[in-house]
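I opened the model with the sequence beside it and kept notes on what I looked up, entry by entry.

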Amino acid sequence: MQGEINGLKYLILQDTLYAYSIHCFAHQFQLALVALSKKHPDWDKFFCVVTNILNTIGVSFKRRDSLRQHQLDKLEELIKYGKVPTGEGLNQERGLQRPGDTRWGSHYKTLDNFIFLFSSIVNVLKDMKRECLYHLDRFAAQYLLSVIQEFAFVFMLHLMFKVLLLTNELNKVLQKKDQDIVSSMGMLYLAKKRLQTMREEEWDSLMEEVCSFCGKHDIVIPNMDEDYVIGKSKLTSDLLLGMASLSPVDSFANFDKNKIMKLAKYYPSEFDDNKLRELGFQLDSFIVYAQKCDSKFLNLKGIKDLARVMVETKLKIRLGHMYI
């Protein structure tokens with residue numbers, strides 16, 4: 001399991017076909033964390049980007065040397081201005097380590113090094129973008145560079161690192177040969193409590209870390225007070241509110257012209273400015289007609305009844321566009 005005898009499981013199965021193997025607790029824990037996170041598409045994309053960067057840099061001796069040199073130059077500058085302590089065992093060189101789903105703690109180490117080497121990684125990708133002979137390599141470098149220099153990526157990087165940091169001690173305990181089940185359960189309980197505390201109380205501190213990192217690396221921080229850009233969830237909400245406004249229950253008590261007009265704006269190919277003005281007039285006419293001119297519209301129970309009566313009375317409805 002620790003890589004001391006690679007292929008051991010395969011060799012045993014060759015000799016004993018029905019031998020049954022299980023993962024140790026630490027191995028199961030690592031697999032559970034990774035599998036759970038990758039079920040979410042955003043996290044799956046995040047790990048995919050990290051792995052692609054590690055592969056892109058790691059495949060080339062020149063890029064690895066460039067990463068190492070940039071790291072050394074940066075360290076020398078920090079030491080020169082007294083921004084980092086010096087001494088035996090300090091400021092050791094770090095490298096990029098590929099995360100492995102079956103390697104204990106590898107994702108934690110990978111993200112730790114990724115944060116530490118972030119400026120060096122950016123530097124190598126910029127060199128690739130300028131100097132690579134092949135167009136696809138330049139394009140890949142440009143894409144990866146644009147992704148990791150977004151606020152969303154930096155936020156996910158710090159959030160996942162913190163989650164793995166809080167579970168790392170538990171991971172170490174589960175790897176011990178002389179496992180104490182009581183101690184292990186205590187560490188499990190502590191890890192769960194720490195994660196819950198982070199979720200409930202440490203949002204502000206996490207955002208401060210992320211914003212500080214973005215400021216240090218010239219990454220644009222979005223204005224959190226701006227209106228949220230309309231997305232699928234917003235469209236779904238407006239769709240439901242618009243349809244609810246057409247409910248005939250209690251003589252169209254929930255009728256809301258503005259919500260229906262807002263829904264129509266999602267279909268610019270169907271409703272230009274002229275048609276929107278026409279729709280507003282027709283909605284005014286419709287509600288007067290339904291509430292005061294035709295008793296058939298009274299005591300209806302839902303949209304189904306409304307559609308039936310509109311057919312009977314030869315009224316037409318298309319995407320909320322009423323014609324009388």
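I looked up Phe252 and Phe286 and found both to be buried, which here stands for under 20% relative accessible area, with exposed meaning over 50% and partly exposed in between (1.4 Å probe, protein chains only). I noted that this is a predicted model, in which local features need pLDDT of at least 70 and side-chain atom pairs count only at pLDDT 80 or more, while totals for chains, interfaces and linings use all residues. Residues are numbered from 1 along each chain as its sequence is written, and side-chain values use heavy atoms, with hydrogens and water left out.

I count rings of Phe, Tyr and Trp (its six-membered ring) as paired if their centres lie within 6.5 Å, and call planes under 30 degrees apart stacked, over 60 edge-to-face and the rest tilted. The structure holds twelve such pairs. Phe252 and Phe286 form an edge-to-face pair, 5.7 Å centre to centre with 90° between the planes. Phe252 lies in helix H12 (residues 249–252) and Phe286 in helix H14, so this pair ties together parts that are 34 residues apart in sequence. Helices (H or I, at least four residues) and strands (E, at least two) are DSSP runs, numbered from the N terminus. Phe286 also pairs edge-to-face with Phe297, at 6.2 Å centre to centre and 90° between the planes. Because Phe297 sits in the loop between H14 and helix H15 (303–312), that pair ties together parts eleven residues apart in sequence. Elsewhere, ring pairs link Trp43, Phe46, Phe47, Phe114, Phe118, Phe153 and Phe213 into a cluster.

I then looked up Leu283, which is found in helix H14 (residues 273–293) and is buried, with a relative accessible area of 0%. Leu283 and Ile260 are 23 residues apart in sequence and 8.8 Å apart in space, C-alpha to C-alpha.

I take a core to be a set of buried Ala, Val, Leu, Ile, Met, Phe, Trp, Tyr and Cys residues joined through side-chain atoms within 4.5 Å. The largest has 45 residues, and Phe46, Ile53, Phe114, Ile121, Ile148 and Phe153 have the most contacts inside it. The largest share of this core, twelve residues, comes from H8. A second, separate core of 18 residues includes Ile260, Ile287, Val309 and Met310.

Which residue pairs with Lys257 in a salt bridge? The partner of Lys257 is Asp284, at 3.1 Å from N to O, the criterion being a side-chain nitrogen of Lys or Arg within 4 Å of a carboxyl oxygen of Asp or Glu. This pair links distant parts of the chain, with Lys257 in helix H13 (residues 257–264) and Asp284 in helix H14, 27 residues apart. Lys257 is partly exposed at 26% relative accessible area, and Asp284 is partly exposed at 36%. Arg68 forms a salt bridge with Asp65, the closest N and O atoms being 2.8 Å apart. Being three residues apart in helix H4 (residues 61–80), Arg68 and Asp65 are separated by about one helical turn. By this rule I count six salt bridges.

I noted 15 helices and two strands in the protein chain, and of its 324 residues 35% count as buried.
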